[in-house]
Amino acid sequence: MTSAPTWTIAQIADEFGVTHRTVRHYEDLGLLSPERLGTRRIYHRRDRTRLGLILRGRRLGFPLEQIRTIVDLFDAPRGRRAQLEYVLGQIDERRIDLERRLKDAQEALHELGEFERRCRDDLATLEGAQAHVMGRYAARPGRVQR
């Protein structure tokens, strides 16, 4: 008989590309609850799945309290209407926020491009005026060019 797979803190941290401290932080917050064997932490499939959900939520910009609610729904019986509606509502709110941020970033990039174009035009104008003055100076009779 095969036992279910388990992971150490080092294995689970390496797999998800986080530090041991990050994993322990989520444990301290009650988001993860590994089995304890003395001072060792043994992570089961549930912990691995929950860590994946936590990190995905963080990447998407959800605050930890919303992540806690969503992750806790993972343990609840599937299909409960209120749970699914909550998650969908959170997704909608996050999407609206990300779309607003994307629009702001696109507008900022456009403004930055316009500012850059004006600076380059001004620089070209200054260089053209300087070349004109230097050309007039070099064309005067009796002047030694260096």
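**Helices and burial in a predicted model**

Mentor: This is a predicted model. The protein chain has an accessible surface of about 11300 Å², and carbon and sulfur atoms hold 55% of it. Buried residues make up 21% of the 146 residues.

Trainee: What is the order of the elements in the protein chain?

Mentor: Starting at the N terminus, the order is α-α-β-β-α-α-α. That gives five helices and two strands.

Trainee: Why is R46 called partly exposed?

Mentor: R46 has a relative accessibility of 34%. Buried would need a value under 20%, and exposed a value over 50%. R46 therefore counts as partly exposed.

Trainee: Where does R46 lie, and which residues does R46 touch?

Mentor: R46 lies in helix 3. Leaving aside residues up to four places away in sequence, R46 touches S33 and D75. From R46 to L32 there are 14 residues in sequence and 8.7 Å in space, C-alpha to C-alpha.

Trainee: Which residues of helix 3 are buried, and what do they pack against?

Mentor: The buried ones are D47, R50, L51, G52, I54, L55 and G57. They pack against helix 1, helix 2 (20–28), strand 2 (40–42) and helix 4.

Trainee: How is the packing of two helices described?

Mentor: Two packed helices are described by the angle between their axes and by the distance between those axes.

Trainee: What are the angle and the distance for helix 1 and helix 3?

Mentor: Helix 1 (residues 9–16) and helix 3 (residues 45–59) pack at about 35 degrees, and their axes are 11 Å apart. I12, E15 and F16 of helix 1 make the contact with D47, R48, L51, G52 and L55 of helix 3. The crossing of helix 1 past helix 3 is right-handed.

Trainee: How does the reach of helix 3 stand against the expected value?

Mentor: Helix 3 has 15 residues, and 21 Å is expected at 1.5 Å a residue. From its first C-alpha to its last, helix 3 reaches 21 Å, which is close to that value. Just after helix 3, G61 takes a positive phi of about 90 degrees.

Trainee: What about helix 4?

Mentor: Helix 4 (residues 64–75) has 12 residues and reaches 17 Å from its first C-alpha to its last, close to the expected 16 Å. Its buried residues include Q66, I67, V71 and L73.

Trainee: Why are the buried residues of helix 4 said to line one face?

Mentor: Viewed down the axis of helix 4, its buried residues fall within an arc of 150 degrees, so they line one face of the helix.

Methods:
Residues are numbered from 1 along each chain as its sequence is written. This is a predicted model: local features need pLDDT of at least 70, side-chain atom pairs count only at pLDDT 80 or more; totals for chains, interfaces and linings use all residues. Side-chain values use heavy atoms; hydrogens and water are left out. Helices (H or I, at least four residues) and strands (E, at least two) are DSSP runs, numbered from the N terminus. The expected span of a helix is 1.5 Å times one less than its number of residues. Buried means under 20% relative accessible area, exposed over 50%, partly exposed in between (1.4 Å probe, protein chains only). The arc is that of the directions from the helix axis to the C-beta atoms. Accessible areas come from the Shrake-Rupley method with a 1.4 Å probe; for residues, only the protein chains shown count as cover. Axes are lines fitted to C-alpha atoms, for helices over the stretch in contact, and angles run from 0 to 180 degrees between N-to-C directions. A crossing is left-handed if the near helix is turned anticlockwise from the far one by less than a right angle, and right-handed if clockwise. Contact means heavy atoms within 4.5 Å.
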